Amino acid sequence: MINGPGLFSDIGKRAKDLLTKDYISDQKFTVSTYSETGLALTSTAVKKGGLSTGDVAAHYKYRNTLIDVKVDTESNISTTFTITEIVPSTKAIASFKLPDYSSGKLEVQYFHHHATFTAAAILNKSPAIDVSATIGTPTITFGAEAGYDTTSGNFTKYIAGIGVSKPESSASVILGDKGDTMMASYVHHLDQSKRSAAVGEISRRFSTNENTFTVGGSYALDNLTLVKAKLNNHGKLGAVLQHEVIPKSLLTIAGEVDTKALDKTPRFGLALALKP
């Protein structure tokens, strides 16, 4: 694919991943297997509170086509087809979920050296349409996204953002919620592998004059062990310990405590992902 600005959804993604990814509050067990034919099978069991769920997913790649199928314990079947280079510099993604026949979605992405464009539509009687576009370079990106409800004739969202990305750092500013919120973030990587990093994020909701400031980071203790932590101005403290127990298989332990309400029960999560 062409090396140009990323998609609009990539603006601020590094900071978001550092502050949210792996901060789990449930128990999850995953086993993945792979074949030389390009087929991957993943079985997942999740327990959250008193509810247990599970699913089996298949991922198959053939030339420029990816097929993903997932069946869960509630008899839902989710299918996604991803085809790249139908025409040069494009990607098409079609997805649907059974038995919800109104859940179909079609998305088309176009990549250029100095711009990207995406359009997505929900395939039902009253389709909702989302479009986004970015211009710039791999280093600096300007972008916008909008959602339109064809039934009411109203815009459901419009968002604008700017992102700056360098090998050792990245920064972004996003104006969202129809102009009601602004979020700024900065990530600085502390090593060449980008496993150790510091991150800061501040958001403001203008309608309520509410500010949220979050700092966090990750630190690689060694090649197999990673720790993460975050704290916001509301007193929420979270931590993650992740260890590669065997090659490509991860054990994740996470917790969160409200430092301003220590009488509340802390939240804990545990995940084991095995990839034999």
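The lining of the second largest pocket divides into seven nonpolar, five polar and six charged residues. Here Ala, Val, Leu, Ile, Met, Phe, Trp, Tyr, Cys and Pro count as nonpolar, Asp, Glu, Lys and Arg as charged, and the others, Gly among them, as polar. The model is predicted, so local features need pLDDT of at least 70 and side-chain atom pairs pLDDT 80 or more, while totals for chains, interfaces and linings use all residues. Residues are numbered from 1 along each chain as its sequence is written, and side-chain values use heavy atoms, without hydrogens and water.

A pocket is an open set of points on a 1 Å grid over the protein atoms alone, where a 1.4 Å probe fits, with protein on both sides within 12 Å along at least five of seven lines; lining residues have an atom within 4 Å of a point. The second largest pocket is lined by 18 residues. Asp22, Lys28, Thr30, Ala271 and Ala273 lie nearest its centre. Strand β1 gives the largest share of this lining, four residues. Strands are DSSP runs of E, at least two residues long, and helices runs of H or I, at least four.

The largest pocket has a volume of about 900 Å³, the space filled by probe spheres set on grid points joined across faces, edges and corners. Its lining holds 39 residues. Nearest the centre are Ser9, Ile11, Lys16, Ile174 and Met183. Helix α1 (residues 13-20) contributes the most to this lining, with six residues. The lining comprises 13 nonpolar, 14 polar and 12 charged residues.
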